[in-house]
Amino acid sequence: MTAKKNVMTVHKLESSPHWDSTHVKISHASNGQLTNAQLIQAFRTMYLSRSIDEKSMLLLKQGKILFHISGPGHEACQIAAAMALKPGYDWAYPYYRDLAFALQYGSTAYEIFLESMHRLGGPSSNGRQMPSHYGNKALRIPAQSSPTGTQFLQAVGTALGAVKEGKDEVVYVSSGEGATSEGEFSEALNWASREKVPVVFMIQNNGYAISVPVKDQIAGCSIYELSQGYPDLCRFHIDGTDFAASYRAAQEAVHHARAGKGPSLIEADVVRLFPHSSSDDPKKYMTPDVIERNRQSDPLPKLERMILDSDALSKEELDRLKAEVKREVEEAADRAELQPSPAADTAERNVFSPNIIVSKNNFEEPRHEGKTIVMVDAVNHALHEEMKFNPKMLVYGEDIAGSKGGVFTATKGLTAAFGEDRAFNSQLAEASIVGTAIGLAIRGFKPVVEIQFGDYIWPSFMQFKDELVQLRYRSDGVFSCPVVVRVAVGGYIRGGLYHSQSIEGFFAHMPGLWIAMPSNAADAKGLLKTACREENPVLFCEHKGLYRQGFASSPEPDENYLLPFGLASVKKEGSDVTIVTWGMMVQRSLEAAKKLEGYGVSVEVIDLRTICPWDKEAVLSSVKKTGKVLIVHEDTRTGGFGAEIGSVIAEECFQWLDAPIMRVAAKDAPIPFAPALENAVLPQENDIVSALKKMAEF
Ligand SMILES: Cc1ncc(C[n+]2csc(CCOP(=O)(O)OP(=O)(O)O)c2C)c(N)n1
């Protein structure tokens, strides 16, 4: 903890000259805009929050709650922020220590206990998410996750949406000081400040991130100091245990945002009076001195003193209020305990949306009659048509805007046709692209964003795995974020290690995500249009080696063509061996199959088209017919999606198999640059031919 902690100072940018730090000293005379009713309200919420935390620790000992993260010491700045906002109109991304915020914002003690006792009927998770992760649709609190820092970019996305809709909503997002070390915090400040979006960043600095002291976390120990270079970022450094000071800063920050002047950062110095979580013991890293000093900064007795000093309530009235709150907490806990827990057979509910917009049942592939187009143009036309169809659709990513239209021209003409508001460049930060898209989708936009190369999608991996694909599940279907992420993938373009990667195997391991990987222009157009309409998040893999290939071009489908996910295409019928493949490998498999005809071997080639869901029925029925299956993919062999397909075939088709299931895939190596090396690593037509011959001989 630094010497700065709990000093009653407020720093303020010159941009708000009416803020005067001398007003911060709390007294009856100087509490300014605070009425007695507000002080009493704040005290009631603080006492309620504290009592819930205390009760939770007891319930934990009784085994009725399995985990708890508490907020004592943080309450004053949280309540102040909630009081400055408009619940249900503004948005909030609170963190796990924000119990007092959630209560003041409108959550009830009963709802809190429903969540912490993992009961049905709570506002945010029905027993899916751990306690202390707040969510409430009516209050506009998106159900929260656990990674420290992912919420910042989502908040920026939600705020960006408010600006786009011309609304004066404000978005609150909070964390501890430790979480600001995550790169996404800086990305969020950059985006928020650059675009002047209405976010209030509330950083609750309690001096520790679990056991790590702030001196080991933040250069100079203050995020307020560190963030001084951002234009239009209004900054405050306050004693967050002081309710009046907190309220004034919060009001100012919210006012700044609502007036369209941009984001604010409030660094609130607070104390953590309880352990980090129920699994922690602070005595292992806090000295008795620190523990005692923290205790003396407890915001609860401070606010109590303020109420008594200002005669807002007498001692007897305050005691009555406390007794009433204690009763409320006991009743809420008892009532919550009586509610049922979720049934085991609902465990897979809401991994995916139950609504399929474009069903594969009774789907009939039309003959496409349009002009022949290459795949990148098919993508481009799909985007144009869908942006016209859905005014809430936005397209953004690195380099996508303006006359260039991306490094592959897939987004060409979108800005000219739909304006900078709907087709725009993002900052060069992949987590930002996906994170903000989540925040936009949560409030009803349809972001169809671009990651320039699959090789660089990894900074967004956390936003994918922990956020994009899990929001629906962790909120049991209350929230969703149907984002489409288009990404150029694949090799055979002499792109070396960092412009060649196949990524579908990694992403297929994420329940909740749909993945497409078309092999030709017509499928690309039909699948992308479907992706833009569906409710599930989609990773749309576009093989850049196919973008302009003649063999991947097709007559253009019309604007009504929507190709369902999970429907494979039999590209060639055969009776001796089945090839299951996708993407670039479809053409190579067809060429190899043609060669095998010369040896009297009839090969069936199935193009999966989508990896999640994949068309199991089509594959199994072909394998039952041929008795032999070769899986061909461009991704590295170990852990590639072929292993999954092979395993399912072995489980469900064993008695039909006349040969071992085989795979042709990339070697387990990065993809090197020199042509001879690249050819050696990526699967070639000859590899497929050899494997087919081997299989035919069984
Ligand atoms: C990305 C990520 N890394 C690690 C963790 C484990 N973790 C949970 S809370 C925490 C400390 C956070 O400290 P701080 O942001 O200062 O907030 P505080 O808990 O002190 O309020 C850590 C490391 C996590 N949840 N997410």
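Trainee: How many aromatic pairs does a search of the whole structure find?
Mentor: The model is predicted, and a search of all of it finds 24 aromatic pairs.

Trainee: What are the distance and plane angle for F101 and Y105?
Mentor: The ring centres are 5.0 Å apart and the planes meet at 20 degrees. Planes under 30 degrees apart count as stacked, so F101 and Y105 are a stacked pair.

Trainee: Where do F101 and Y105 lie?
Mentor: Both are in helix α3, which covers residues 99-105. They are 4 residues apart, about one turn of the helix.

Trainee: Buried or exposed, those two?
Mentor: F101 and Y105 are both buried.

Trainee: And what kind of pair do F453 and Y456 form?
Mentor: That pair is edge-to-face, with 5.8 Å from centre to centre and 80 degrees between the planes.

Trainee: Why does F453 count as buried?
Mentor: Its relative accessible area is 11%, and buried means under 20%. Y456, at 30% relative accessibility, counts as partly exposed.

Trainee: Which residues do ring pairs link into a cluster?
Mentor: The cluster consists of W458, F461, F464, F506 and F507.

Trainee: Next, charges over rings. Which ring does the charged end of K392 sit over?
Mentor: The ring of F445, with the charged end 4.1 Å from the ring centre. In another case, the charged end of K137 sits over the ring of F479, 5.5 Å from its centre.

Trainee: Switching to the ligand. Which of the residues around it come nearest?
Mentor: There are 18 residues around the ligand, and Y95, Y96, R97, G178 and Y208 come nearest.

Trainee: How far is a polar side-chain atom of Y95 from an oxygen atom of the ligand?
Mentor: The distance is 2.6 Å. R97 also uses its side chain: one of its N or O atoms there is 2.7 Å from a ligand oxygen. For Y208, a polar backbone atom lies 2.7 Å from an oxygen atom of the ligand.

Trainee: How much of the ligand's accessible area does the protein cover?
Mentor: On its own the ligand has 580 Å² of accessible area, and the protein covers 75% of that.

Trainee: What is the shell made of, by class?
Mentor: The shell around the ligand has 8 nonpolar residues, 7 polar ones and 3 charged ones.

Trainee: Now the backbone. Which residues does a cis peptide bond join?
Mentor: C612 and P613, with omega at about -5 degrees. Most peptide bonds are trans. P613 is in the loop between β20 (610-612) and α20 (616-626).

Trainee: What is phi at C221?
Mentor: Phi of C221 is near 70 degrees, a positive value in a residue that is not glycine. Most residues other than glycine have a negative phi.

Trainee: Where is C221 found?
Mentor: C221 is in the loop between β6 (212-213) and α7 (223-226). Its relative accessible area is 16%, so C221 is buried.

Trainee: What about phi of D232?
Mentor: D232 is not a glycine either, and its phi is positive, about 60 degrees. D232 sits in the loop between α7 and β7 (234-239).

Trainee: How does D232 count at 39% relative accessibility?
Mentor: D232 counts as partly exposed.

Note on methods. Residues numbered from 1 in each chain as written. Heavy atoms only, no water. Near = heavy atom within 4 Å. Polar contact = N/O pair within 3.5 Å; in protein donor to acceptor, adjacent residues only side chain to side chain. Areas by Shrake-Rupley, 256 points an atom, 1.4 Å probe, with all protein chains shown as cover. Nonpolar A, V, L, I, M, F, W, Y, C, P; charged D, E, K, R; others polar. Phe/Tyr/Trp six-rings, centres within 6.5 Å; stacked < 30°, edge-to-face > 60°. Helix = DSSP H or I, 4+ residues; strand = E, 2+ residues; numbered from the N terminus. Buried < 20%, exposed > 50% of the residue type's maximum accessible area, 1.4 Å probe, protein only. Lys NZ or Arg CZ within 6 Å of the ring centre and 35° of its normal.
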